[in-house]
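Biologist: I would like to learn how to read a model like this, one feature at a time. Where do we begin?

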Amino acid sequence: MLWQLGGLSLTLVVQGGSEDRAVQRRLGKRLLHTLTGLGPCFIKLGQSLSTRPDLVQRDWLEQLTRLQDDLPAFDHSKALATIQSELGAPAQQLFATFPDHPVAAASLGQVYKAKLLDGRWVAVKVQRPDLEPRLRLDLAVIRLLAQLSGPFLPLNLGDDLTAIVDEFGQTLFREIDYELEADNAERFAQLFENDPTVVVPEVERVLSSRRVLTTTWLAGVKLQNREVLERNQLDPTTLVRAGVISGLRQLLEFGYFHADPHPGNLFALSGGPNGFGRLGYVDFGMMDMLSNDDRLTLTDAVVHLINKDFRALGHDFVRLGFLQPGTDLEPLVPALESVLGGQLGDSVQDFNFKTITDRFSELMFEYPFRVPARFALIIRAVVSQEGLALRLEPEFSIIRVAYPYVAKRLLAADTEELRHKLLDVLFDRQGRLQLERLENLLEVVGTDGNPADLIPVAGAGLKLMVGKEGHGLRQRLLLALVRDGRLHTDDIQALATLVRRRFSPARLAGDWWQQLSL
């Protein structure tokens, strides 16, 4: 291990600063092959690095994203020994049927499809033997090399490299604690218990421990091939939308999210509100949380992005920790407009997150960007989600689903925090009403979203205007009406005109007809 990693480090030190793309591609391949050959810890390390454009150059990222969490299974007798040791009885006594080979193997464990004594099918995940001591040794070596080589590597760091290794190790040890994963699965299921589009397997606590996890078996189809889904009477578009909406709810509503939504962890099941399919989640070892402040700032960032307010977006990056406080945003605003503005085009459907991520990986080496540790898993989750969606729906745009969702939440303003955000969107710093932003929100909800969504939005808006929760909105409207010591009626008249035009029966009927014609 020391020999291979030492050789890799020496090569990166000598050639890492080269501007020759061919040299960088060769280094990326060398990095990929070395990590793959060194085992589970290093494969996980490579997967984590593949989400860190602030640490790894673009040519290296392209290689690391090829890492697959698909390894040869370990010896079956060792899996049986682990089950007996952890659960207190042989597998043949605990299960009516237990196979002699797994259905899937990964870097940290492997999964069997077994049958319970009551006839139900379950998934039994068994951890690789002696995994914890091996990971500890591997992490110690990685940390030592990080201390020695960090100052010489061509990396754009906001944190000390050893601190990043420590954060990776903490995440890894949480992932191999199957009792914690069981808690995660039950919490995730509770959050989505009223969502008919999402299915979460039930944990069998009696047959689970720290190194063995048993859950109900999801009889579904992997989200990998559009033709396979259609042969099983499952609608790829419905499933993609369900995945994106559930991901947005995790990030922006719950602040608790599944950080590894790759095709092996997502299944398409029959049923759903329209019979077009439901989305099943498995593997809850890699979960993370977002603070309320981060959730609200992300909501702001989506709105600022679509409104092409790149100066405000720059301030969002500071609040989220991607830029240090006090960073001069003047030279950065044109760069953001260049990277993001051109991608937006004339419609949100032109936005592609993966393209933005690739371009940001270059921007991060020119400007003082860094990825805060708490956002590394979010980036991994969003890139994985979009990659999966594009495989099933080549014309898919994640922001086309995200923005109507954010717009509906803002316009409904059903929480105090969202009401404050709505006021920030609708009024500028001088207290003037920003009607073009309101019209943009309404247009996106009615056109890029489902036209039926306008009706509950209108109801929520009316409730806000006349209810006690709308005190702040009414006050701001009054101040806009009488600002600068004069009576201003133009904005109010324009607002009334906008509402009549947007919510007229003819307009709503036209939107409905357009949706039915698609």
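**Reading the strands**

Biologist: In β3, which residue is the bridge partner of V111?

Modeller: The bridge partner of V111 in β3 is K125. Before going on, note that this is a predicted model, in which local features need pLDDT of at least 70 and side-chain atom pairs count only at pLDDT 80 or more, while totals for chains, interfaces and linings use all residues. Residues are numbered from 1 along each chain as its sequence is written, and side-chain values use heavy atoms, leaving out hydrogens and water.

Biologist: What counts as a strand, and what counts as a pair of strands?

Modeller: Strands (E, at least two residues) and helices (H or I, at least four) are DSSP runs, numbered from the N terminus. Two strands pair if DSSP finds at least two bridges between them. Here β2 (residues 109–115) pairs with β3 in the antiparallel sense, over seven bridges. These two strands form a hairpin with five residues between them, and G119 in the turn has a positive phi of about 95 degrees.

Biologist: How many bridges join β3 to β5?

Modeller: Five bridges join β3 to β5 (residues 212–216), and the two run antiparallel. K125 has L213 as its bridge partner in β5.

Biologist: What is the order of the strands in the open sheet?

Modeller: The order of this four-strand sheet is β1-β2-β3-β5, with antiparallel pairing. β1 (104–105) and β5 stand at the edges with a single partner strand each, so one side of each has no neighbour in the sheet. Helix α5 (residues 76–87) packs on the sheet and touches β2, β3 and β5; its direction makes about 100 degrees with that of β3. A touch, or contact, means heavy atoms within 4.5 Å. β1 and β2 pair in the antiparallel sense over two bridges, and A104 stands opposite V111 in β2.

Biologist: Is a residue buried or exposed, and how is that decided?

Modeller: Buried means under 20% relative accessible area, exposed means over 50%, and partly exposed lies in between (1.4 Å probe, protein chains only). In β3 (residues 121–127), six of the seven residues are buried, so this strand is largely enclosed by the rest of the structure. Over the protein, buried residues make up 52% of the 518 residues.

**Reading the helices**

Biologist: How are two packed helices described?

Modeller: Two packed helices are described by the angle between their axes and the distance between the axes. Axes are lines fitted to C-alpha atoms, for helices over the stretch in contact, and angles run from 0 to 180 degrees between N-to-C directions. The axes of α17 (residues 398–412) and α18 (residues 416–426) come within 8 Å and cross at roughly 105 degrees. That makes α17 roughly perpendicular to α18, on a scale where under 35 degrees is roughly parallel, over 145 roughly antiparallel, 65 to 115 roughly perpendicular and the rest oblique.

Biologist: Which residues in α17 and α18 meet?

Modeller: R409, L410 and L411 in α17 meet L418, K421, L422 and V425 in α18. The residues of this contact divide into five nonpolar, no polar and two charged. Nonpolar covers Ala, Val, Leu, Ile, Met, Phe, Trp, Tyr, Cys and Pro; charged covers Asp, Glu, Lys and Arg; the others, Gly among them, are polar.

Biologist: Which residues in α13 are buried?

Modeller: An α-helix has 3.6 residues a turn, so residues three or four places apart point the same way. In α13 (residues 310–320), the buried residues are F310, A312, L313, G314, D316, F317 and L320. G321 follows α13 and has a positive phi, near 95 degrees.

**Reading single residues**

Biologist: What does the side chain of H258 reach?

Modeller: The side chain of H258 reaches the backbone nitrogen of D260 at 3.2 Å. H258 is found in β7 (residues 256–258) and is buried, with a relative accessible area of 2%. Not counting residues up to four places away in sequence, H258 touches several residues, including F188, Y281 and D283.

Definitions and conventions: Polar contact = N/O pair within 3.5 Å; in protein donor to acceptor, adjacent residues only side chain to side chain.
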